[in-house]
Amino acid sequence: MVRQPDITAMRGEPEAPRGDAAEAVMSAMREASALGILYSAAVARRLGISSSDLECLDVIATRQPVTAGALAGATGLTTGAITGVVDRLEAAGLARRTRPETDRRKVLISTTDAFLAEVVPLFGPMHRLQAAVVARCSDQELQLVAGFMAQSLQAAREALAEIGEPTSA
């Protein structure tokens, strides 16, 4: 295993004296983040879209239907940039705009059947292999990990807030 640089030491902050287990967790979290980014980038390349467009597509898929304003708020992109993203996703056949009958001024963005056919299968290997890891854990272990992840995600949201970025994603 390649030893990762201690970022806290680089910033001049005292290192938490927790030992090898804490260091291993921090290193694994950084590597998992990097691998997630690399995996998403590979999927985006296969789809012929940018990584940023794929991340927006994920927000659309999890919150659909979503307005352009809500998508902008969740991603930190401007509404103008979101227009371009949605244009590209529509051109790729992965998203569509609709107008509700009750308010024709509003535009809602959703995924398409092509999203289900083309995008979802590309995440199949990651889902299958991660599900196998989860299946080997006891309920008690999963509860512990879920609690840890909830705290870790909250810390990530707080870190984003500290540098002035949106945290609703």
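# A guided tour of the predicted model

Begin by selecting helices α2 (20-47) and α8 (139-162), each of which supplies at least two residues of a nonpolar patch; helices here are DSSP runs (H or I, at least four residues) and strands are DSSP runs as well (E, at least two), numbered from the N terminus. This is a predicted model, in which local features need pLDDT of at least 70 and side-chain atom pairs count only at pLDDT 80 or more, while totals for chains, interfaces and linings use all residues. Residues are numbered from 1 along each chain as its sequence is written, and side-chain values use heavy atoms, with hydrogens and water left out.

**The nonpolar patch**

Now select Val25, Met26, Met29, Val145, Phe148, Met149 and Leu153, which form this patch on the surface and together have about 600 Å² of accessible area. Accessible areas come from the Shrake-Rupley method with a 1.4 Å probe, and for residues only the protein chains shown count as cover. A patch is made of residues with over 30% relative accessible area and no salt bridge, where nonpolar side chains (Val, Leu, Ile, Met, Phe, Trp, Tyr) are joined within 5 Å and like charges within 9 Å. Which helix gives the largest share of the nonpolar patch? That share, four residues, comes from α8. Valine 25, for its part, sits in helix α2, and at 37% relative accessibility it counts as partly exposed, a class that lies between buried (under 20% relative accessible area) and exposed (over 50%), found with a 1.4 Å probe on protein chains only.

Two packed helices are described by the angle between their axes and the distance between the axes. To see where they touch, show Ser40, Ala41, Val43, Ala44 and Leu47 of α2 together with Ser51, Leu54 and Glu55 of α3, contact meaning heavy atoms within 4.5 Å.

Next, turn to helix α4 (residues 68-75) and α5, whose axes come within 9 Å and cross at roughly 105°. These helices, α4 and α5, are therefore roughly perpendicular to each other. Their contact is made by Ala68, Gly69, Leu71, Ala72 and Thr75 on the α4 side and by Thr79, Ile82 and Val86 on the α5 side.

**A cis peptide bond**

Select glutamine 64 and proline 65, and look at the peptide bond that runs from the one to the other, which is cis, with omega near -10°. Most peptide bonds are trans. Proline 65 is placed in the loop between α3 and β1 (66-67).

**Salt bridges**

Side chains of opposite charge can pair when their charged atoms come close. A salt bridge is counted when a side-chain nitrogen of Lys or Arg is within 4 Å of a carboxyl oxygen of Asp or Glu, and by this rule the count comes to four.

Select aspartate 53 and arginine 88, whose side chains meet in a salt bridge (2.7 Å, N to O). This pair links distant parts of the chain, as aspartate 53 belongs to helix α3 (residues 51-63) and arginine 88 to helix α5 (residues 79-91), 35 residues apart. Is aspartate 53 buried or exposed? Aspartate 53 is buried, with a relative accessible area of 2%, while arginine 88, at 44%, counts as partly exposed.

Then move to arginine 97 and glutamate 90, which form a salt bridge whose closest N and O atoms are 2.4 Å apart; arginine 97 counts as partly exposed at 29% relative accessibility, and glutamate 90 does so at 30%. Another salt bridge joins the side chains of arginine 105 and aspartate 103 (3.2 Å, N to O). Arginine 105 is exposed, with a relative accessible area of 73%, whereas aspartate 103, at 22%, counts as partly exposed.

**Threonine 112**

Select threonine 112, found in the loop between β3 (108-111) and α6 (113-119), where at 13% relative accessibility it counts as buried. Leaving aside neighbours within four places in sequence, threonine 112 is in contact with Gly93, Leu94, Ala95 and Arg96.

**The whole chain**

To end, show the protein as a whole, with its eight helices and three strands.

Definitions and conventions. Axes fitted to C-alpha atoms, helices over the stretch in contact; angles between N-to-C directions. Parallel < 35°, antiparallel > 145°, perpendicular 65-115°, else oblique.
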